[in-house]
Amino acid sequence: MTRVGVVGATGAVGSVTLGLLAERGFENVRAFASSRSAGKQVPYGDGELAVEEATAETLGAGDVDLCFFSVGTDASRDLIPHAVAGGTVCIDKSDAFRLTDGVPLVVAGLNDEALRQDDEVVANPNCSAIQLSCVLKPLHDAAGLASVRLATYQSMSGIGDAGIERLRATQPAEGDLAMDWDLEGEEFSEESKLRAETRKILDLPDLPLQAQCVRVPVLVGHAQAIWVETVEQLSADEAREALASAPHVALQALATPKDAAGRDEVLVGRIRPDTANGSGLALWSVNDNLRKGAALNAVQIAEALLERNLISA
């Protein structure tokens, strides 16, 4: 039986990860978090797990086969090498290793072929890159991608617990948009990483992609307005057909973040010709950023590793 750990188990994504692992029948699971949370109890299935402190010693002890990391970039960079040294395969949800050569960046069901027997770390993409890739892959398979432009409307839970609490403390009339990412030249870090990660996931290193990212006063659920130019002409009806048959995608004409909350699929609608570009399409998508955008994708990566016997069962 695979021995599983969840680091960051008391956080927004970590708690969803525990719920999904319980739903999907994982039995030998341990919960880890910072010293502030050590000793607490967290729900797991019909019972509870005692939270252990995530330290280099506990994670490097060699008694965990597979570990999910739902912590910040610095914590992942500090702790994951110790877990790897102890023989643990790590699925990391931070951006610490996403663009590292040799580390697969995987959207489950889209590029599982990137997983290999000797992987020590598998990177879970940015939630917006997961959402976008799920939409773009079937369109690329159908007609090829020439260029992509998008605007994202990202929920407060994308920041984690701090964002959730900030929104809950905000009076409805005081809600506002935000652009709370680091500025790198003329772009936010969120915009540049969305381009780089999507290119790596789709194996299209030269794909022209431009993003405009904003934070909106929504608790859960990221939205994206997407404009796609394809290499071959693709009608709106042909795009709907391609998307309807794609894994992890469901068509819904006027989907909202509330519609996506708790759903495993990326919802796609408003598929129509781009009247500003004779060979393009305009689309709208929404996604539960805590579920498919983070926890579910990581669990599906683990299931793919186990199914392919790439990790001890």
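**Notes on the model**

1. W284 has a relative accessibility of 23% and therefore counts as partly exposed (buried is under 20% relative accessible area, exposed over 50%, partly exposed in between, with a 1.4 Å probe and protein chains only). This is a predicted model, in which local features need pLDDT of at least 70 and side-chain atom pairs count only at pLDDT 80 or more, while totals for chains, interfaces and linings use all residues. Residues are numbered from 1 along each chain as its sequence is written, and side-chain values use heavy atoms, with hydrogens and water left out.

2. The aromatic pairs come to 2, where rings of Phe, Tyr and Trp (its six-membered ring) pair if their centres lie within 6.5 Å, and planes under 30 degrees apart count as stacked, over 60 as edge-to-face and the rest as tilted. Y153 and W284 form a tilted pair, because their ring centres are 5.9 Å apart and their planes meet at 40°. Since Y153 belongs to strand β8 (residues 145-154) and W284 to strand β15 (residues 280-287), the pair ties together parts 131 residues apart in sequence. Y153 is partly exposed, at 31% relative accessibility. W181 and F188 make a tilted pair, with 6.1 Å between centres and 50° between planes. W181 is buried at 13%, and F188 is buried at 14%.

3. Strands and helices here are DSSP runs numbered from the N terminus (E, at least two residues, for strands; H or I, at least four, for helices). Strands β8 and β15 belong to an open sheet of 6 strands with mixed pairing, in the order β11-β8-β12-β15-β14-β13; two strands pair if DSSP finds at least two bridges between them. The edges are β11 (209-215) and β13 (249-251), each with a single partner strand, so one side of each has no neighbour in the sheet. From one strand to the next the twist averages 25°. Strand β13 runs parallel to β14 (residues 266-273), joined to it by 3 bridges, and A250 has L267 in β14 as its bridge partner.

4. Helix α4 (residues 127-143) packs on this sheet, touching β8, β11, β12 (222-230), β13, β14 and β15, and its direction makes about 25° with that of β12. Contact means heavy atoms within 4.5 Å; axes are lines fitted to C-alpha atoms, for helices over the stretch in contact, and angles run from 0 to 180 degrees between N-to-C directions. Helix α7 (residues 236-244) lies across β13, β14 and β15, at about 165° to β14.

5. Helix α6 (residues 189-202) is largely enclosed by the rest of the structure, because 11 of its 14 residues are buried. D203 follows α6 and has a positive phi, near 55°.

6. The model also has an open sheet of 7 strands, with mixed pairing and the order β3-β4-β2-β1-β5-β6-β7. Its edges are β3 (41-44) and β7, each with a single partner strand, so one side of each is left without a neighbour in the sheet. The twist averages 25° from one strand to the next. Strands β6 and β7 are parallel, with 3 bridges, and I91 stands opposite V122 in β7.

7. Two helices on this sheet can be described together. Helix α3 touches β1, β5, β6 and β7, and its direction makes about 160° with that of β6. Helix α9 (residues 291-307) touches β5, β6 and β7, and its direction makes about 150° with that of β6.

8. Strand β3 pairs with β4 (residues 47-53) in the antiparallel sense over 4 bridges, with A50 in β4 as the bridge partner of Q41. The hairpin of these strands has 2 residues between them, and G45 takes a positive phi near 60° there.

9. Where does α3 bend? The bend is at L79, by about 30°, and a proline, P81, follows within four residues; the bend at a residue is the angle between axes fitted to the seven residues ending there and the seven starting there. The 13 residues of α3 (residues 73-85) should span 18 Å at 1.5 Å a residue, and the end C-alpha atoms are 19 Å apart, which agrees. Its buried residues are S76, L79, I80, A83 and V84. They pack against β1 (4-7), α2 (56-59), β5 (66-69), β6 (89-92) and β7 (121-123). G87 follows α3 and has a positive phi, near 90°.

Notes. Expected span 1.5 Å × (residues − 1).
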